[in-house]
Amino acid sequence: MEIQALLITFREVLEALLIVGIITTYLKRTSNKKFTKYVWLGAGLAVLASLGVAMLFQVVFTGFAAMGSEMYLKVGIMFASAVLLTQMVFWMAEHSKDLKGKMEGKMNHLITTGNVIGMVVHSFLVVLREGVETVFFFAAITGGDIEKGLQGWGAITGAAVAAVVCYLFFKGTMRIPLKSFFKVTGVFIVMIAAGLLVQGISMLQDLKIIGSVMPHVYNITWLLPEHPIDYVHYVRDTGIVPVFSGEVGIFLKALFGYSSMPSLEEMIAYIGFFVVIYMIIKVKYGTSNARSKASAKQTRENQVYSGGFQSKKMYK
């Protein structure tokens, strides 16, 4: 859980800080530093609102628990989080390249019109989006105990690392293209999403909501149990000590969705998830690259034609 919390908090906090940093840096560069307090005001209000959302969610979850329905809520959150995490990665990969231009254009419009309230609202919504997503994802990886997740070392470390990276980025110490940076971290986020998807299917099977053609395709608990409890039970039942500790298994489960005894449906879902992601990337970005190449080729042909036409005129 802590590894998941670290990666998710790192991504969400970094995105929020980068956007706020781009806005405040632009204001300073254009001699509009007096407006930065409104940007930070909006960001601060968004943080408080996110904490309010977390508390509200905790109340709702407690209500479901009282009715004995928290497992159904957990499954729904896991599936929704898998979709949102994947969407978040694609959104940032697509917008990171022109993120700076868009933010500066928006702020330029607000400065020109003197819309101070718009500045507060804009920064509020930007940060609130990241905050609400964090609450939702933490609910998925902690089984609803958001407070425990936020107090763990993973969340604290993720936020701290994000702050350091953002500081180095704006100080010019770190010169990494945002698009490439988010692609790398996006790989790990997609893996977490795949793991949540598989865990959701596993819980549905435990609840007998869906069945299984093959409950256990293989069993490698003897090699790597997926949890310390499985490790203890295996030693108790067989008298044999597994090759690797259950601590390793729980780490891999959190990061990659590892299972020592996966059902056929879990394996199909896990592999299918990455196949779908690959197809989306191939179709979306393959088409975009093809258009770019075609446009570049057309431009070269036009330049050649134009140059030849000019030469003929000069010759005449």
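This is a predicted model: local features need pLDDT of at least 70, side-chain atom pairs count only at pLDDT 80 or more; totals for chains, interfaces and linings use all residues.
A pocket is an open set of grid points, on a 1 Å grid over the protein atoms alone, with protein on both sides within 12 Å along at least five of seven lines.

**Largest pocket**

- The lining of the largest pocket comprises 28 residues, and Q199, S202, D206, E226 and K253 are the ones nearest its centre.
- Helices α5 (116-142), α8 (178-206) and α10 (246-256) each contribute at least two lining residues to the largest pocket.
- The greatest contribution to this lining comes from α8, with 7 residues.
- By residue class, the lining of the largest pocket consists of 12 nonpolar, 11 polar and 5 charged residues.

**Second largest pocket**

- Around the second largest pocket there are 20 lining residues, with V13, V47, S50, G131 and T134 nearest its centre.
- At least two lining residues of the second largest pocket come from each of α1, α2, α5 and α7 (153-171).
- The lining of the second largest pocket divides into 14 nonpolar, 4 polar and 2 charged residues.

**Salt bridges**

- In one of the salt bridges, the side chains of E15 and R11 meet at 3.1 Å, N to O.
- E15 and R11 are separated by about one helical turn, because they stand 4 residues apart in helix α1 (residues 2-29); E15 and R11 are both buried.
- R129 and E130 are joined through their side chains by a salt bridge of 2.9 Å, N to O.
- R129 has a relative accessible area of 29% and is therefore partly exposed, whereas E130, at 2%, is buried.
- A network of salt bridges links R129, E130 and E133.
- The side chains of R236 and D237 form a salt bridge with an N to O distance of 3.0 Å.
- R236 is exposed, at 58% relative accessible area, and D237 is exposed as well, at 54%.

**Nonpolar surface patch**

- L48 counts as exposed because its relative accessibility is 58%, and the cut-off for exposed is over 50%.

Note on methods. Residues are numbered from 1 along each chain as its sequence is written. Side-chain values use heavy atoms; hydrogens and water are left out. Buried means under 20% relative accessible area, exposed over 50%, partly exposed in between (1.4 Å probe, protein chains only). A salt bridge is a side-chain nitrogen of Lys or Arg within 4 Å of a carboxyl oxygen of Asp or Glu. On a 1 Å grid over the protein atoms alone, a cavity is a set of points where a 1.4 Å probe fits but cannot get out, and a pocket is an open set with protein on both sides within 12 Å along at least five of seven lines; lining residues have an atom within 4 Å of a point. Ala, Val, Leu, Ile, Met, Phe, Trp, Tyr, Cys and Pro count as nonpolar, Asp, Glu, Lys and Arg as charged, and the others, Gly among them, as polar.
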